[in-house]
Amino acid sequence: MYLADYHLHSRVSPDANFSMTEMAEAALAAGMDEICFTDHMEPMTADRKERVPYDWAGLSREFQEAREAMGDRIRLRLGMELGEILWDLPYTEELMAQAPPLDFVIGSNHVLSEKYGDIDWYYYRSTDEDMAREAIKDYLVLEKRMAEWGQFDVLGHLTLPLRYLNENLGLHMTFDGFESQVEEIFRILIQKGLGIEVNTNRGHTPLPDGKWLRMYRDMGGEIITLGTDAHTPEYVGKAVRENHALLKSCGFSRFCTFQNREPVWHTL
């Protein structure tokens, strides 16, 4: 079994504090064969008032230090998680044109639209399920726009709102009822030759879970990665093995890692 964690954050991300070397050591201890660092890049400040430059030199330096420290003990890849890019697509493209060679890019959205004040799901507080469903509908409109832009390799954590609605607010929400919206997103991705990730969600309910993974597979979706979204060492590699089994149960026979933005296939 080839084990890869393809969604990891280091201190290069504003919401993480550990070096790439520390995260790589944790991955090795967790039995991973390969990892990809996917630190955050957002084009604007949270209030959408200023464009934010990106320290590509700092990212490259951190990655090189990890490679030197780890040697050939584990395969390291350099990636990026693009977030909130719909706020400024032209500037996002400008920033990415300045990037060093990357192996992998996740396209992610963590916020609601202007209708909701561009609020991050982390700060969403309504426990009214009808209101939460309206917020999910808003989020899926943004996800579709992300898919249509499509300058990434996989769409990250499609059902992300459930992390905050269920785990943080104690609700029992699903994406049931949004089948047509999710199907349209998958159709766009598949037509563009893009994929999705199974975000193992640090051992909680995977994002997305089996229902949506089966839909993606039944529609002809093949490109799929596994990643924990770990921001701290204890979650590196968490539930990757279990989600291998989930993928097999949903009809997948393989998953992929990436090198130079091209999928590398591995048997489940």
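Visitor: Which residues form one aromatic cluster with Tyr6?
Guide: Tyr6, Phe104 and Phe258 form one aromatic cluster. This is a predicted model, in which local features need pLDDT of at least 70 and side-chain atom pairs count only at pLDDT 80 or more, while totals for chains, interfaces and linings use all residues. Residues are numbered from 1 along each chain as its sequence is written, and side-chain values use heavy atoms, with hydrogens and water left out.

Visitor: What counts as an aromatic pair?
Guide: Rings of Phe, Tyr and Trp (its six-membered ring) pair if their centres lie within 6.5 Å. Planes under 30 degrees apart are stacked, over 60 edge-to-face, and the rest tilted.

Visitor: And how many aromatic pairs are there by this rule?
Guide: The count is twelve aromatic pairs. One of them is tryptophan 121 with tyrosine 124, a tilted pair with 5.0 Å centre to centre and 50° between the planes.

Visitor: Is tryptophan 121 buried or exposed?
Guide: Tryptophan 121 is buried, because its relative accessible area is 0%. Buried means under 20% relative accessible area, exposed over 50%, and partly exposed in between (1.4 Å probe, protein chains only). Tyrosine 124 also counts as buried, at 7% relative accessibility.

Visitor: How are the rings of tryptophan 121 and tyrosine 139 placed?
Guide: Their centres are 6.2 Å apart and their planes are at 85°, so this pair is edge-to-face. Tryptophan 121 lies in the loop between β5 (104–108) and α4 (129–149) and tyrosine 139 lies in helix α4, so the pair ties together parts that are 18 residues apart in sequence. Helices (H or I, at least four residues) and strands (E, at least two) are DSSP runs, numbered from the N terminus. Tyrosine 139 is buried, with a relative accessible area of 0%.

Visitor: Which ring does arginine 254 lie over?
Guide: Arginine 254 lies over the face of tryptophan 265, at 3.7 Å from the ring centre. Arginine 217 lies over the face of phenylalanine 252, at 5.7 Å from the ring centre. A charge sits over a ring if NZ of Lys or CZ of Arg is within 6 Å of the ring centre and within 35 degrees of the ring normal.

Visitor: What about cysteine 250?
Guide: Cysteine 250 is in no disulfide either; for this residue the nearest cysteine sulfur, again that of cysteine 256, is 16 Å away. Cysteine 250 counts as buried, at 4% relative accessibility.

Visitor: Which side chain of opposite charge is nearest to glutamate 143?
Guide: That is arginine 145, 10 Å away. Glutamate 143 lies in helix α4, and this residue is buried yet has no salt bridge. A salt bridge is a side-chain nitrogen of Lys or Arg within 4 Å of a carboxyl oxygen of Asp or Glu. Lys and Arg count as positive and Asp and Glu as negative; His and the chain ends are not counted.

Visitor: What is glutamate 143 in contact with?
Guide: Leaving aside neighbours within four places in sequence, glutamate 143 is in contact with Asn109, Leu155, Gly156, Leu158 and Ile185. Contact means heavy atoms within 4.5 Å.

Conventions. A disulfide is a pair of cysteine sulfur atoms within 2.5 Å.
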